[in-house]
Protein chains: 2
Amino acid sequence: MTDEEIHLPHVRKPVPSLTIYDVARTAGVSIASVSRVLNGHSTPRPETRDRVLRAVQELGFVPDGAARALSSRLKEVVSVVFRRPRAETQAADAEEFDDEADSLFFMDVLNRGIEVAAQLEGFDLLLSSVDVHEHSPGGKVAKLAGKSDGIILHDRVLTPNGVIRLADRIPVVTLAGTPTRASVNIVGDNVAGMRDLAKHVLGDHGYDSIAYLSGHGDSPDNLIRGKAVREVAEEFGLPFEDGPNWSGEYSAAGGARVIRRLIEEGRPIPRVICCANDQSALGVINELHRRGYRVPDDVAVTGFDDISVARHVSPSLTTVRQPIERLGALAFETLYTMISGERPAERQIVLPVQVVQRSSCGCRPETAPAVGAPSVR
Amino acid sequence: MTDEEIHLPHVRKPVPSLTIYDVARTAGVSIASVSRVLNGHSTPRPETRDRVLRAVQELGFVPDGAARALSSRLKEVVSVVFRRPRAETQAADAEEFDDEADSLFFMDVLNRGIEVAAQLEGFDLLLSSVDVHEHSPGGKVAKLAGKSDGIILHDRVLTPNGVIRLADRIPVVTLAGTPTRASVNIVGDNVAGMRDLAKHVLGDHGYDSIAYLSGHGDSPDNLIRGKAVREVAEEFGLPFEDGPNWSGEYSAAGGARVIRRLIEEGRPIPRVICCANDQSALGVINELHRRGYRVPDDVAVTGFDDISVARHVSPSLTTVRQPIERLGALAFETLYTMISGERPAERQIVLPVQVVQRSSCGCRPETAPAVGAPSVR
């Protein structure tokens, strides 16, 4: 017996040992999922659990401390930061416009999407709202980094530079924001959606003038949608209006205010008003009705989002349907893979949207919509 | 000169020294608010700030470490726990019923109310959802106690005993739950609302039979509403139906299912169906329409909540308006006073509700409702 033979069992050549990364790759799930399953730490989806256990068996993987360490390192909390008017502002608006709370609907559904996806992985959500007029919420957001595993920022919370600084410390996903080299942005396809809508009203209907009623001036969604309407108008060689007189601020009260001023100042009303979102379109339609204008016969009005009320109003609202809840869910899912240590494959994920032709563009005669009737035609 | 005279300036009798409690009482605000103002810790309401500073000046109060200690002790986070179907369940329902996501509307608006009130005090919200089928979420809730200053529980999260145990460790407010000796419950006036509604359909309209389509069996709101309808039916000496055949589970799909089964089994349809909430009423109306019944001419249908879509559907929905967002805000405000160390004055706070008479009960001829038109008549 040689020395070599004696030592062989003890000092065999280092073979690349299996890690939970190998299990994750084989199972086709995130390493956080592997960690959770192996620690019985929370309640993963049964399907995820099966895939992980099958991969463990297949590979002959023996878990060591690593999986446990990752799992216990997680706070199982993601922070979500968004801008919301302070309650006083809301109350003042509410007197003027009964439905105003709905302008926040889009945000609530986004957050619901995030929350539902987070629940599947056993994560809680730390919701933090920032007043729309607060200029430097960076300190507040930075405090959240210590309380969570990752952060989702709605649009207009931080500047791109602020996002990059934050992303040095913690994974960051933005919703309807701007992609940066350090974060991932999730957004609906504003360009295609707004171009299709503008081509529909100018091309299919043949209307001869158009305005864009804008949302918040610094919202990337708003800027992109306005540009798309302008470009289509130019392609058709038709008059286009936008600018400070057309600022609807995403709210019904804001939309109504624009129309009121337009009429009081005796300026002509364009044949089509493309609004930055559904809520401001509802305000526009309401004010036009109050002033004796018919929609769509005198003025065609369109929205963006397809909030649930859009199909029920009269005239029912032609709009662009965004998969709002899915946008939120995807934001969590993307953040979750980043928390698991994966590098995101893309800096921006664009989800498809769809024009929904209803009555407010002049597409079909107004009939009382049946409850729950399918709304995409 | 006597010894006494010498010592007097040094050992004068202890006078009760001023504390932030005195400032809070004089200013008429919570001690947490005093603490925040004195530390410049976050951004209190300007009005609150003025009142505190005026009280400080009036009393000649010199802040010591106490205010600072309270403020730094606060995590400035409240947890909110609610039950939500897991995403898989939702997806399955969604195929059958396009609007199903709206059944969660009530919960989202409650949470928005909490969040808006919390923002005013600089608090964030830790949202944690529990699957509707999870039987013992106590461990999950207990974990949240370590991460927050107080907990708000939606209905059916914990049993009353579970609430009492939790309230030993941390201030607890329940929403639409059951009052306990250790927690405060915030709720709409279900009894008055449902009694008024039932008296309207049986008294004013003179309909001759009524059913209660229930929500979740273990929801306190549901039990109280059902009992109110039954009692009014008995007072009128009219036939009343409820029970397992009438379980709508608060969802449109659930409401539609009840009607489908009723018709398929050839059982008679009562003249009025009082639903536990708006969402299930929408499902009931939709299924009745599909089967060729007219609402309200053949069957009158009513809801509860007054979600925003209720006024826009056809026929517009007669319902009971709850101040949903206000319920949420009050839950936070109550919890906030408890966090500040005040004993709550009441174990249950009941907010008034209001019957909203629209078309689905037969009250007014169906006309296309104008967008944004006032809905309470």
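This is a predicted model: local features need pLDDT of at least 70, side-chain atom pairs count only at pLDDT 80 or more; totals for chains, interfaces and linings use all residues.
I began with chain B, where the charged end of B:Arg225 sits over the ring of B:Phe304, 3.8 Å from its centre. For this I count NZ of Lys or CZ of Arg within 6 Å of the ring centre and within 35 degrees of the ring normal.

**Chain A overall**

I looked up the elements of chain A and got 14 helices and 12 strands; these are DSSP runs (helices H or I, at least four residues; strands E, at least two), numbered from the N terminus. Of its 377 residues, 56% count as buried, where buried means under 20% relative accessible area, exposed over 50% and partly exposed in between, with a 1.4 Å probe and protein chains only. Taking contacts in chain A with a separation of 6 or more, I see 72% coming from residues 24 or more positions apart; a contact means heavy atoms within 4.5 Å.

**Helix H9, chain A**

Which residues of helix H9 (residues 160-167) of chain A are buried? I list A:Gly162, A:Val163, A:Ile164, A:Leu166 and A:Ala167. They pack against helix H8 (138-145), strand S3 (150-153) and strand S4 (172-175) of chain A.

**Aromatic pairs**

My search of the whole structure gave 6 aromatic pairs over all chains. I pair rings of Phe, Tyr and Trp (its six-membered ring) with centres within 6.5 Å; planes under 30 degrees apart are stacked, over 60 edge-to-face, and the rest tilted. A:Phe123 and A:Tyr336 have ring centres 5.6 Å apart and planes at 90°, so I log them as edge-to-face. A:Phe123 lies in the loop between helix H7 (105-120) and strand S2 (124-131) of chain A and A:Tyr336 in helix H14 (residues 324-339), so the pair ties together parts 213 residues apart in sequence. A:Phe332 and A:Tyr336 are stacked, at 5.7 Å centre to centre and 20° between the planes. These two are 4 residues apart in helix H14 of chain A, which means about one helical turn separates them. I note A:Phe123, A:Phe332 and A:Tyr336 as one aromatic cluster.

A:Thr319, in strand S10 (residues 319-321) of chain A, is buried at a relative accessible area of 0%. A polar atom of its side chain lies 3.4 Å from the backbone oxygen of A:Gly303. B:Ser280 sits in helix H13 (residues 278-290) of chain B and is also buried at 0%. Its side chain makes a polar contact of 2.7 Å with that of B:Asn277; I take N or O atoms within 3.5 Å, one able to donate a hydrogen and the other to accept it within protein, with residues adjacent in sequence counting only if both atoms are side-chain atoms.

**Cysteines**

How many disulfides are there over all chains? I get 0, the rule being cysteine sulfur atoms within 2.5 Å. The closest cysteine sulfur to that of A:Cys274 is in A:Cys275, 7.5 Å away and therefore too far for a bond.

Key: Residues are numbered from 1 along each chain as its sequence is written. Chains are lettered from A and ligands numbered from 1 in the order in which they are written. Side-chain values use heavy atoms; hydrogens and water are left out.
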